[in-house]
Amino acid sequence: MIRGIVNKVAKTRERLFTVFFMFAVTLVFIAAVSALNLATADIVARNANLFMQRAVMEAADMDPSGSPEDVIARYEAAVREETFPDGSSYLCVTDPAIGANAYVFVRTGAGLWGQITAVVGVDETIKTLTGVTFVKHNETPGLGARIDEAWFKEQFEGKRGPLRCVPEGTRSASLNEFDGITGATITSRAVEKILNDTFAEARRKAAP
Amino acid sequence: MAAGRTKQIFLKNLGSDNPVFIQVLGICSTLAVTNVLKNTLVMCLGLVFVTALSNMSVSLLRKWIPSRVRMMVEVLIIASYVIIVDIVIQACLPDVSRQLGPYVGLIITNCIIMGRAEAFALSNPPLASLADGLAAGLGYSYVLLVIAFCRELLGSGTIWGIRVLGEWWVNWSIMVMAPGAFFMLAVFIWIVKGYLIPRDGPAKECCQ
């Protein structure tokens, strides 16, 4: 009888120790991780912002390079957020170097594996693209993910909508054709659709 | 800790008991992150850090960890270190973090780390465990770096983002995709097992 009680007490103690131990270890590690997270939260947020600001500047045909402070200062001087009457927003970028306005749209469309978020810049007349860049996508590495390559993004500058995708390597001089990516037809078409939709939206909503 | 023991630990992990080509562990990340050398290096540094420190932490706590919750404790420790790595990469290398995407977080599920914690850290002193974690991480890293070197060279014609093969080179798209890693890994294992490790050595049991 006494032995039974002793056993029971020992067992309970062991169980309590397990719970206590788990709790203590969790507390220590979570505290460490949380502290680090709090300490770096500002830097991480700033990095994310900076990435977006560089993308907008690239789309508006401004120079996105330079130190973070420089980029932030130039961005804040040039860009202001505007909204259409229906509530959707766009960015108006006034490049001090040229003095002209560009309108930048952050728009999302369906890609092959997930959504593609593009930053699309059009000029004041809403006829010509000033630049295109992609900030988020899950396309196949080596195929669809090549939309991040410089030649692909740069070819859009000066093109006019509605755009049509032609085979890679065509290097079409036509103002409404762009080179797609071999092996990534769906991604190329998705880009085509995002750009044309953005053009249509800009024209429709900005029409006087 | 004797120097001979450390040497033995390192030799085993780098060669005769290598986590990748002998134990065939960590294949998921081998396939996922080895298409570009730079990303691979960051991933490897992260993994070395996590294996070394989690091994040491588990070893420090090994006398108190109740055996029925030991896996919970191990996962908690590993996860904490992985989150630390993830936060640091996000704060310091935002571009790499964007490209690696979810794979840094997936270090948690890398069997090498848990495997070393279970097989080594639970029954060895902290310093030996630190050495073992470090060695296992390095054994994984050099295999990945070799594979990444070949894949980046053949798949993109570049090394560390710098073009080394001329314009005449046609990129092997498959090398940038996951199947390319399968081929490279298979060739690597073939060469190592077929030519470098003596055939009449002690039979190795291969475990998943």
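The structure is a predicted model, in which local features need pLDDT of at least 70 and side-chain atom pairs count only at pLDDT 80 or more, while totals for chains, interfaces and linings use all residues. Residues are numbered from 1 along each chain as its sequence is written, and chains are lettered from A and ligands numbered from 1 in the order in which they are written. Chain B has nine helices and two strands; helices (H or I, at least four residues) and strands (E, at least two) are DSSP runs, numbered from the N terminus.

**Overall form of chain B**

- From the N terminus on, the elements of chain B follow the order α-α-α-α-α-α-α-β-β-α-α.
- Chain B has a radius of gyration of 18 Å, close to the 17 Å that the globule rule gives for 208 residues, so it is as compact as a globular protein of that length. The radius is taken over C-alpha atoms, and the rule is 2.2 Å times the number of residues to the power 0.38.
- The C-alpha trace of chain B spans about 60 × 50 × 30 Å along its principal axes.
- Of the 208 residues in chain B, 43% are buried. A residue is buried if 20 or more other C-beta atoms lie within 10 Å of its own, exposed if 12 or fewer, and partly exposed in between, with C-beta atoms placed from the backbone.
- Among contacts in chain B between residues at least 6 apart in sequence, 77% join residues at least 24 apart. Two residues are in contact if their C-beta atoms, placed from the backbone, lie within 7 Å.

**Nonpolar cores**

- The largest nonpolar core has 51 residues, of which Val50(B), Tyr81(B), Val82(B), Val85(B), Tyr140(B) and Ile147(B) touch the most other members. Such a core is a set of buried Ala, Val, Leu, Ile, Met, Phe, Trp, Tyr and Cys residues joined through C-beta atoms within 7 Å.
- At least two residues of this core come from each of helix H3 (37–61), helix H4 (70–92), helix H6 (111–119), helix H7 (126–156) and helix H9 (178–196) of chain B.
- H7(B) supplies the largest share of this core, twelve residues.
- Another core, of 38 residues, lies apart from it and includes Ala59(A), Leu91(A), Val120(A) and Leu129(A).

**Helix H6 of chain B**

- The buried residues of H6(B) are Ile112(B), Ile113(B), Arg116(B) and Ala117(B).
- Seen down the axis of H6(B), these residues fall within an arc of 130°, so they line one face of the helix. The arc is that of the directions from the helix axis to the C-beta atoms.
- Their cover includes H3, H4 and H7 of chain B.

**Contacts between the chains**

- In all, 20 residues of chain B are in contact with 21 residues of chain A.
- H4(B) gives the most to the side of chain B that touches chain A, with ten residues.

**Positive phi in chain A**

- Asp61(A), a residue other than glycine, has a positive phi near 65°. Asp61(A) lies in the loop between helix H1 (2–59) and helix H2 (68–78) of chain A, and is buried, with 20 other C-beta atoms within 10 Å.
- Ile126(A) also has a positive phi, near 55°. Ile126(A) is in the loop between strand S4 (115–123) and strand S5 (129–136) of chain A, and is partly exposed, with 16 other C-beta atoms within 10 Å.
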